[in-house]
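I opened my notebook next to the viewer today, with a few spots to look up. Here is what I wrote down as I went.

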Amino acid sequence: MSLNAADLLPADGRVPQRFLRQASPAAPRITIGVGDVHVWWFRPQDQSARSRSPGGGGRSPAGRKPLEILGAYLGRSLAEQDIDRTCEHCGHPHHGRPRLRGDELSFNISHIEGRVVMAVARTPVGIGLEPISAGRLVLESASTIFTDEELSHFPGRAALDVHTAAWAWCAKEAMVKATGYGLVVDPRDVLAPLQVPANTWHPARFIDGRRLWLTPAGLPGHCVCAVAVSGESPQLLTVRAWPPPERA
Ligand SMILES: CC(C)(COP(=O)(O)OP(=O)(O)OC[C@H]1O[C@@H](n2cnc3c(N)ncnc32)[C@H](O)[C@@H]1OP(=O)(O)O)[C@@H](O)C(=O)NCCC(=O)NCCS
């Protein structure tokens, strides 16, 4: 005996919701090439959760979206327990560079008010995001952030300086995050180029000898974003809003 669609439909001919849901094809896994870096940006899910508790149990403004994004690469759903926050340097259980347990995929997150960015790569990656206006605060603390040589590039407080200062801070932050040290490293020991043209990976040596690559990620709005990645010369950087239209 063979069935046709009409046999399965109720008498009123309307397709039950459960069949419609099953009919839509599952979104394919996102793939990422060796050397490529993907940057996803989205709105924070919980604006009130500004920071994690020291114990690592606090809510992140990013909410569950980072897990959702990583799950789209791995083809399965993830929980917070799948993320290891153990410090690679001192073994502390909570302040380390977050990593996926048992998977090579690497990621990093940065948040400012109204926006979260997440970088995904196959080698350790760090990302920094700042509103351009934060460059003013950076300039106010310039002597604690920049070397004398770097400071010589900031002769005034012009708009260009504010932008450059915001970028340079982001670049240093991306580098300390890619290495997992965070800001226990003196920013003056992190030498970041004060300008990197779009679509260019700039080599940058970290103080522990590690070779990093740095590039700006162009995002809409008045913000700057820097991505640092370790390993061989990276290839393609793509920047997209999450979810992409095919997954919305
Ligand atoms: C990493 C650090 C610079 C981030 O600063 P921030 O002001 O919170 O800035 P951002 O919004 O850009 O980054 C936050 C994200 O960084 C990531 N992060 C936390 N610790 C990290 C580390 N050690 N390395 C890389 N990334 C880290 C997290 O994903 C966090 O987001 P989440 O809480 O939503 O998961 C800062 O938290 C820091 O310096 N921490 C101290 C690290 C430390 O103690 N190191 C000691 C090594 S022995």
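The entries below go through the ligand site, one lysine, the salt bridges and one threonine.

**Entry 1: the model**
I remind myself that this is a predicted model.

**Entry 2: around the ligand**

The side chain of H111 has an N or O atom 2.8 Å from an oxygen atom of the ligand. For the side chain of E173, I noted 3.4 Å between an N or O atom and an oxygen atom of the ligand. A nitrogen atom of the ligand is 3.5 Å from a backbone N or O atom of G96. As for cover, the ligand has 890 Å² of accessible area on its own, and the protein covers 77% of it.

**Entry 3: K177**
K177 is in helix α7.

I listed what K177 touches, leaving out residues up to four places away in sequence: R97, N108, I109, S110, V125, G126 and I127. I also checked K177 against G96: they are 81 residues apart along the chain, while their C-alpha atoms are separated by 9.2 Å.

**Entry 4: salt bridges**

I looked at D84 and its partners. R99 forms a salt bridge with D84, with the closest N and O atoms 3.7 Å apart. This pair links strand β3 (residues 99–100), where R99 sits, to strand β2 (residues 83–84), where D84 sits, 15 residues apart. Both R99 and D84 are buried.

R101 also meets D84 in a salt bridge, at 3.8 Å from N to O. R101 lies in the loop between β3 and β4 and D84 in strand β2, so this pair ties together parts that are 17 residues apart in sequence. The relative accessible area of D84 is 18%, so D84 is buried; at 46%, R101 counts as partly exposed. I wrote down the whole network as well: D84, E88, R97, R99 and R101 are linked by salt bridges.

One further pair went into the notebook. D186 and R188 meet through their side chains at 2.9 Å, N to O. D186 is partly exposed at 26% relative accessible area, and R188 is partly exposed at 35%.

**Entry 5: T215**
My last stop was T215, in strand β8 (residues 211–216). T215 has a relative accessibility of 1%, so I put it down as buried. What does the side chain of T215 have 2.7 Å from one of its polar atoms? I found the backbone oxygen of T200 there. Beyond its neighbours within four places in sequence, T215 is in contact with several residues, including W167, V196, W201, C225 and L237.

Note on methods:
Residues numbered from 1 in each chain as written. Predicted model: local features only at pLDDT ≥ 70, side-chain atom pairs only at ≥ 80, totals over all residues. Heavy atoms only, no water. Helix = DSSP H or I, 4+ residues; strand = E, 2+ residues; numbered from the N terminus. Buried < 20%, exposed > 50% of the residue type's maximum accessible area, 1.4 Å probe, protein only. Polar contact = N/O pair within 3.5 Å; in protein donor to acceptor, adjacent residues only side chain to side chain. Contact = heavy atoms within 4.5 Å. Areas by Shrake-Rupley, 256 points an atom, 1.4 Å probe, with all protein chains shown as cover. Salt bridge = Lys/Arg side-chain N within 4 Å of Asp/Glu carboxyl O.
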